[in-house]
Amino acid sequence: MAQTTTQSATRTATSTAAARTRWLQDNGVYVAVAALLLFNALFTANFLTLGNFTTQLVQAAPVLIVALGMALVIGTEGVDLSVGAVMALAAAIIPLYLGAGPLVAIVMALVVGVLAGAFNGLLVAKVGIQPIVATLALLVGGRGLALVIAEGQLVQLHDQAFLELGTGDVLGIPISVLIAGLLALVIAGLTNRTTFGRQLVAVGGNRKAATLAGLPVNRVLVGVYAICGVLAAIAGVLATSRLAASDPADMGLLMELSAITAVVVGGTPLTGGKVRVLGTVFGVILMQLVRATLIKHNLPDSIAQMIQAAIIIAAVYVARERR
Amino acid sequence: MPTDPVIEVAGVTKTFAGVQALGDVDFTLQRGEIHALVGENGAGKSTLIKVLTGIHTPDAGRLTRNGHISTIYQEVNLVPLMSVAANLFLGREPRNRFGLIDRARRNADASELLRGYGITADVSSPLGTLAVGEQQMVALARAVEANADVVIMDEPTSSLEPREVETLLGVVRKLHEAGISIIYVSHRMDELYRICDTVTVLRDGRNVHSGPLKELPRIELVSLMLGRSVKEIEKHGTTAFGEGHHADTQPVLEARELTSRPRINGVNVSIRPGEVVGLAGLLGSGRTETAKAIIGALPLDGGTVLVAGKPVSHNVKSAMRAGISMLAEDRKTEGIIPNLSVRENIVLAALPRLSRFGVISRSKQDRIVDTFVKRLRIKVSSPEQKVAELSGGNQQKVLLARWLCTEPRILLLDEPSRGIDVGAKAEVQALIDELAREGLAVLLISSELDELLDGADRLIVLRDGSVAGELEGDQLTSEHVLKAIAAEVRDGSDDHAVSHQNGN
Amino acid sequence: MITTTTPAVPKAAARTKVLQRQGAAVALVLMVAVSWLVFPRFGSLDNLRDLALQGSFLAVIAIGMTFVIITGGIDLSVGSLYALGGVLAAWGSQYGFLAALALPLVVCGAIGLINGLLIARTNMAPFIVTLASLLFARGLLLAITDEGANTYKIATDSAFVELGRGTVLGFGYPIFIAAVLAVLGGMILNRTSFGQNVFATGGAEQSAILLGVPVAKTKIVVYTMSGTLAGLAGALTAAYLQSGVTVIGVGLELDAISVVVIGGTLLTGGMGTILGTVIGVGLIKVIQNVINQIGTLDSNYQSVVSGVFLLIVVVLQRILRR
């Protein structure tokens, strides 16, 4: 309550600063992407080439797919720390069923993703465990389980049809990029055009009011985590296909960090009640561009990591809502 | 009378974001007295307390404090997972000669101390394992042990069982005997008259009365709080409500014996189509709880809700399906979804009806939103404007629209005109009237007696969680309501005398 | 708003108490008893010494994590800080014992301090702040090791190696260091005002502020402690391995969190014990040891078991608390 006094006193002074912060939260990511593109166009050799763009997009596709699910979860005022582990699980499932054909393998991987996500959702919605705590168990055990399934081995994959997913293209656009783009459209439609999407945002924006408005809060929560799980599994399948190997040990390591970063950088607040799909897409692109720019200018991986850490802190700092 | 003020406040003014919370308030607490501080919601009690304790700095006025003040709040502000003893001595733990906490002594001291407060529980067990009343007592003991000269108690009994209330009042008397001055905030008339010497009534941020409590009849006190004089002649037409409604004979809503201890106890409410039933009573009398019990948002110890004779399961979804909608009192925390647009806030509860296969029909939505924006005269630049940017009155209309587009048969309105400007208030009142005319059954909760007397066809008066009276027709006067609230039938002067034998 | 969920049913609380206090201990005793009977090699003094030594590194980190979790926070950076601490110790050992020990403590402590400052002063969520530090510390580690290509060795005859490899009655020094830290940690937690502040901060932050508890300061101190202890664990490991291995510690934060929670500390804060954490370390290490003894199982089962344990504990804590 004490802040109320200071707020009212300095109200006019801070209102312009607040407006600036809000503008930055909403549009910062687009400006940053534009600025980085401009910088690279001017100072980086061979940047504005189709080949380079394709490479960047292929690298960003799995992160984007995971980030889309994460954006939905964060929209409900939650977080899913288990996405990397779910990717590893999907990767471990693929070789088991590839013998029965790529379609069966992919479907099995996605089913595991849905189940993992729904499990998280039930813990959050029905048992009432905090999202970060609920998804921690799967983060701890999920990768281990994947490694147990894979017997700790990296398995080379040779099914041509399956590998086509990661290497093939349609009209010059890589399949994985196409899938990521399609999913972004689907998720955008889901959030903005469907009952489920609007209920999701309402639950995140004011859970008490949503309950009093008779919204199916538990169903929405379970659904959101299930979607996040299946998207992580899709990302795991695509990354596995591109790698031409099932590698549960490294698959999706620190993916939760990349996904959360992209979502937050894209202007979706960790406090929920808002999902920005386009912002998330640009958040992923921004982080990919940052990495690419640093690498193209021969900055070592170590520096790149430290700079990313700084960007994450800065983005979360700007995005946090003052209460 | 010799004066020895511990706290003296003169001409204090405090404004938040252009709204005056306290205006030129004088307040004096004499050493050794128990001073009741009363007033309805928004009267400025909590602001005054925060000024007294130094949490708020007043914009104008003088404040003198001659002693250390401790405050205990309605919700126990301790740490439930820590032991009772640890809570009691947090920040001033007894040490042994190695500078470490002496746990044996801490427990012994705590046991001994709490025995004086009637608590014999194991002090090494977590505080959360104690009953709420005992926790409140620990908070009180902690406040007193901090060498307080003044203890401010902000509605300390609101969540206590009757037995616990007795223990607490006993402790308050002991503190009083020990020479500690007390500011006691409560809405329970019985308690006030039993223990308090002096009373200060706040209304709309102003001190409307200060003086000895025993000389003030209960009904006077209630009328001071509500701002209605007993003798005042009924003047209808101050609100935008029309004349009485033609009600059907069969009730569409029947709530029987609603009980959720300790907040409400055996409340009965029935409303006929086209009827506006008012719920009157002081803050904390169980009005909001009754409405929440009907909509299924409050866990019940007993009671049933019937709509058109059929029982409704006790959850919000079933209640809504049966045709009950509730406009919650707290717009911010229970009503609006701040990040969403006006359009989305309006259609929120009706979404499943406005979509096919889960995809929302934008045209249907726009049509409904357009209808309600026009009908309720919601002032928006566009339906896409964020609801958080609207004025209170328009937010309230948006919420009303949200419930109306679920096509309810029963509408529960909890303080629909609170905190909105005069114009919007009249519009909301006229709308309620119109809705009842169209056959809706309305339950109207309001702290404003005018609004209730004028708007309701029948009034149910609540006191301490029970129905204190039902008024209809000629009985719909402020005198009857005030009498029911003040419980004139039972005179508490006996207890009163006992508790003041050592007073001034 | 904050305190509405707090009053617990007395019986449930009593049940929780028994389960929290004794659950892990009972499981540990059972595990040890069964292992002793089934695997003849388990009970050998060599195996037990090895088990204790392996557990001591994790215990040092988990002690710091216990403090952080009791304040209601989480520290995901300890795995990286552990690796960084090892590399710094190995690099510092060329300048003598003191440098080898002080360098990791100071640098990792400083990163912990930054974690604490960001969390306490800007109200950013602990998980995201410490995830960023996880990345930062790995980056720093790569930067000082030529992108991971350079593994610093510690001279075999240096006094620092003795810190990791020295023994008393065959038990390694790190075991004693961890034991002393555990006792000290328990003492700080239960017998000092700071410890009480830690409990109050995690138990009911808003109330704690009203009760005059220096909440921000308490948070800053626990994250600094956690970082410093992770650095120390790294230094001890480096001394034991006689080099600063760059690839260790990935996912170690999850092990640390698991043992703390399995040991009965509430992941939501406000309740916990160092003894429970030590028992949790014992339990996980015994399970790991048994999995290794079975031979046909790979070591990945350990994290699955941790995850399942964590899940059971968290769900039980939640259900018993209703």
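This report walks through chain contacts, strand pairing and helix packing in a predicted model.

## Where the chains meet

Let's start with chain A, which touches both of its partners. Towards chain B, 24 residues of chain A are in contact with 30 residues of chain B. On the chain A side, the elements that give two or more residues are helix H1 (2-9), helix H9 (195-205) and helix H10 (207-212) of chain A. H9(A) provides the largest share of that side, with seven residues. Sorted by class, the side of chain A that touches chain B has eight nonpolar, eleven polar and five charged residues.

The contact between chain C and chain A takes 38 residues from chain C and 36 residues from chain A. Helix H4 (97-122), helix H5 (126-144), helix H11 (252-262) and helix H13 (301-320) of chain C each supply at least two residues of the chain C side. H5(C) gives the most to that side, with 13 residues. By class, the side of chain C that touches chain A has 23 nonpolar, eleven polar and four charged residues.

## Annotated stretches of chain C

An unreviewed UniProt entry carries the annotation "transmembrane region" for several stretches of chain C, including residues 94-118, 125-144 and 301-320. How much helix does the model place over residues 94-118 of chain C? The chain there is 88% helix and 0% strand, and its end C-alpha atoms are 34 Å apart. Over residues 301-320 of chain C, the chain is 100% helix and 0% strand, with the end C-alpha atoms 28 Å apart.

## Helix packing

Two packed helices are described by the angle between their axes and the distance between the axes.

| Helix pair | Angle between axes | Distance between axes |
|---|---|---|
| H7(C), residues 173-191, and H8(C), residues 193-203 | about 75° | 5 Å |
| H3(C), residues 78-92, and H10(C), residues 215-241 | about 50° | 7 Å |
| H7(B), residues 218-226, and H16(B), residues 478-486 | about 115° | 9 Å |

Ile188(C), Leu189(C), Asn190(C) and Arg191(C) of H7(C) meet Phe194(C), Gly195(C) and Val198(C) of H8(C). By class, this contact has four nonpolar, two polar and one charged residues.

H3(C) and H10(C) pack at about 50°, which makes H3(C) oblique to H10(C). Their crossing is right-handed. Among the residues that H3(C) brings to the contact are Leu81(C), Gly85(C), Gly86(C) and Ala89(C), while those from H10(C) include Gly227(C), Ala230(C), Gly231(C) and Gly234(C). What is the make-up of the contact of H3(C) with H10(C) by class? It has 13 nonpolar, seven polar and no charged residues.

In chain B, H7(B) and H16(B) pack at an angle of about 115°, which makes H7(B) roughly perpendicular to H16(B). The crossing of H7(B) and H16(B) is right-handed. Arg218(B), Ile219(B), Val222(B) and Ser223(B) of H7(B) make the contact with Leu482(B), Lys483(B), Ile485(B) and Ala486(B) of H16(B). By class, the contact has five nonpolar, one polar and two charged residues.

## Strands in chain B

Strands of a sheet pair through backbone hydrogen bonds, either parallel or antiparallel.

Strand E1 (residues 5-16) of chain B pairs with strand E2 (residues 19-30) of chain B in the antiparallel sense over eight bridges. In this pair, Glu8(B) stands opposite Thr28(B) of E2(B). The hairpin of E1(B) and E2(B) has two residues between the strands, and Ala17(B) takes a positive phi near 45° there. E1(B) also pairs with strand E4 (residues 60-65) of chain B, in the antiparallel sense over five bridges. Ile7(B) has Arg65(B) as its bridge partner in E4(B).

Further along chain B, an open sheet of six strands runs in the order E15-E18-E19-E12-E20-E21, with mixed pairing. Which strands form the edges? The edge strands are strand E15 (324-327) and strand E21 (466-472) of chain B, and each pairs on one side only. From one strand to the next, the twist averages 20°. Within this sheet, strand E12 (residues 276-280) and strand E20 (residues 458-463) of chain B pair in the parallel sense over four bridges. Val277(B) stands opposite Arg458(B) in E20(B).

Notes. Residues are numbered from 1 along each chain as its sequence is written. Chains are lettered from A and ligands numbered from 1 in the order in which they are written. This is a predicted model: local features need pLDDT of at least 70, side-chain atom pairs count only at pLDDT 80 or more; totals for chains, interfaces and linings use all residues. Two residues are in contact if their C-beta atoms, placed from the backbone, lie within 7 Å. Ala, Val, Leu, Ile, Met, Phe, Trp, Tyr, Cys and Pro count as nonpolar, Asp, Glu, Lys and Arg as charged, and the others, Gly among them, as polar. Two strands pair if DSSP finds at least two bridges between them. UniProt positions are given in the numbering used here, feature names are shortened, and annotations may be inferred rather than shown by experiment. Axes are lines fitted to C-alpha atoms, for helices over the stretch in contact, and angles run from 0 to 180 degrees between N-to-C directions. Angles under 35 degrees count as roughly parallel, over 145 as roughly antiparallel, 65 to 115 as roughly perpendicular and the rest as oblique. A crossing is left-handed if the near helix is turned anticlockwise from the far one by less than a right angle, and right-handed if clockwise.
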